[in-house]
Amino acid sequence: MMTLAGVDLYIWTKDYENIPKKEGKFTMKLMSNRGTKLYPPPAPEMDMIDWFRCRYVSEELINDADVDQLCQALTSAGWVWNKAQKLYQIDGVNAFSEPY
Amino acid sequence: MAHKVCLIRGDGTGPELVAAVEKIISTAQVDIEWIEVEAGLKCVEAGKPIVPEETIAKIKEIGIGLKGPMTTPIGKGSVSPNVTLRKKLDLYACVRPVRSLPGVETPFKDLDMVLFRENTEDLYAQIEYMVTPTVAQSIKLISEFGTERIARAAFEYARKHGRKKVTAVHKANIMKIADGLFLRTCQKVAQDYPDIEFGDNIVDNQCMQLVTRWKSYDVLVLPNLYGDIVSDLAAGMMGGLGVAPGANYGAKCAVFEAVHGSAPKYAGLNKVNPVALLFSATLMLDHLGENQARKDIEGATEAVMGRGIKTYDIGGSTSTTDFADAVCAELKG
């Protein structure tokens, strides 16, 4: 069975340190740049591009409308997200990769 | 003053290969202070990350490392220690020299190429999802930034080492967006190097040309996945992974490693070829400015191989330690 576990939002910015870590039901679990984890620390010293994968998850049960609300909240706050990928678990196992 | 170098002994056959290389470098009278750092299976067994943060920090501090082969544990959640090092140290350029060696029989005579593989992005960004229960998607991430720095590294190397031509390898006829960006960026960088000939080739055609017209190629620059595949093809052309060296360079650090695995089934058998790690170490000596030592060790090794003293993988029966002793004797002689 496939259940919604969160969302990866890809945000186009240089101001990555200020991307919200909490929004509504969601908490940022990690942020990566070109597949390398930056948040939570420690982050490697590396050059970055201006496109950040931000993984939001929730302790609460979430649905598609919650993801819509998260996206709307970030847009309203001026953040440009240009790709979103819902995260699923299949039979309770994460069906998405983790960054290095 | 001694050069400081971080040393990862590795898993499986790694420690015996590292011991052979240490002995040869010592015989060549290069003064190196080896600073041992932990990584690999022992760390996992002790409940630590496969590459602990202390190891990353130490290599960053010292700026250079030599690494024996390590094992990626099989199973869910396991990560490759090699990819972890490349990502966390931002070692963006994997450099693989490919050349003919005496005593190594292959159909490919007079090989002399250098491959530059982008090391940090492409499908190796490892961004993957199950998007339905029966559909998976991996993201191929190519950036202008990532491509420009590997292309520039390839051209700078060509200029420094008197190479004549750089060829960008891609599949832009099909992946017009991602590989198209890679190709366009390489073309743009090439304009800054009018003294170096530039060409490009589609990856499947490049594989065919490598085994039919290898003398037409000099320096190749490739995105991560094609680089992974083509560099092993090229290693096979020079005689196999047992003789294929590798180096990983970043802006601030460099880590030198044999490109083969840890071969755990041969651990302790004193059998595995140390040449790949030894020639990775001579690339390290070059990086340290010990050019004469590099020439001495490579010359001694080739002389030994030319006399038919070689390990099982290239048709000999010499043990790891006997091979190392023969190189040491040649250096002293």
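B:Ala263 is buried, with 21 other C-beta atoms within 10 Å. In this predicted model, B:Ala263 sits in the loop that runs between β12 and α9 (275-287) of chain B. The backbone there deserves a look, for the phi of B:Ala263 is near 45°, a positive value in a residue other than glycine. A positive phi is also found at B:Asp90, where the angle is near 50° and the residue is again not a glycine. B:Asp90 belongs to the loop between α4 and β4 of chain B, just after α4(B). With 22 C-beta neighbours inside 10 Å, B:Asp90 counts as buried.

The buried residues are B:Pro81, B:Asn82, B:Thr84, B:Leu85, B:Arg86, B:Lys87 and B:Lys88. Their packing partners come from both chains: β4 (36-39) of chain A on the one hand, and α3, β11 and β12 (254-258) of chain B on the other.

The contact between the chains takes 22 residues from chain B and 19 residues from chain A. On the chain B side, two or more residues are given by each of α3 (53-62), α4, β6 (128-132) and α5 (144-160). Of these elements, α4(B) gives the most, with four residues. By class, the chain B side divides into 10 nonpolar, five polar and seven charged residues.

A:Thr36 is buried, with 22 other C-beta atoms within 10 Å. Leaving aside residues up to four places away in sequence, A:Thr36 touches A:Pro44, A:Met46, A:Pro99, A:Tyr100 and, from the partner chain, B:Lys87. The loop between β4 and β5 (51-57) of chain A holds A:Pro40 as well as A:Pro42. A cis peptide bond joins A:Tyr39 and A:Pro40, with omega at about 0°. The bond from A:Pro41 to A:Pro42 is cis too, and its omega is near 10°.

Within chain B, the domain assignment gives domain 1 (1-97 + 240-333) and domain 2 (107-238). The C-alpha centres of these two domains of chain B lie 25 Å apart. Their contact takes 18 residues from domain 1 and 18 residues from domain 2. On the domain 1 side, α4 (81-88), β4 (93-99) and β11 (245-249) of chain B each supply at least two residues. The largest share of that side, five residues, comes from β4(B). The domain 1 side has 12 nonpolar, two polar and four charged residues.

The axes of α10 (residues 291-306) and α11 (residues 320-332) of chain B come within 9 Å and cross at roughly 120°. That angle makes α10(B) oblique to α11(B), and the crossing is right-handed. From α10(B), the residues B:Asp296, B:Ile297, B:Ala300, B:Thr301, B:Ala303 and B:Val304 meet B:Ala326, B:Val327, B:Glu330 and B:Leu331 of α11(B). By class, the residues of this contact divide into seven nonpolar, one polar and two charged.

Definitions and conventions: Residues numbered from 1 in each chain as written. Chains lettered and ligands numbered in written order. Predicted model: local features only at pLDDT ≥ 70, side-chain atom pairs only at ≥ 80, totals over all residues. Domains from an automatic or database assignment. Contact = placed C-beta atoms within 7 Å. Nonpolar A, V, L, I, M, F, W, Y, C, P; charged D, E, K, R; others polar. Buried ≥ 20, exposed ≤ 12 C-beta atoms within 10 Å, placed from the backbone. Axes fitted to C-alpha atoms, helices over the stretch in contact; angles between N-to-C directions. Parallel < 35°, antiparallel > 145°, perpendicular 65-115°, else oblique. Left-handed = near helix turned anticlockwise from the far one by under 90°.
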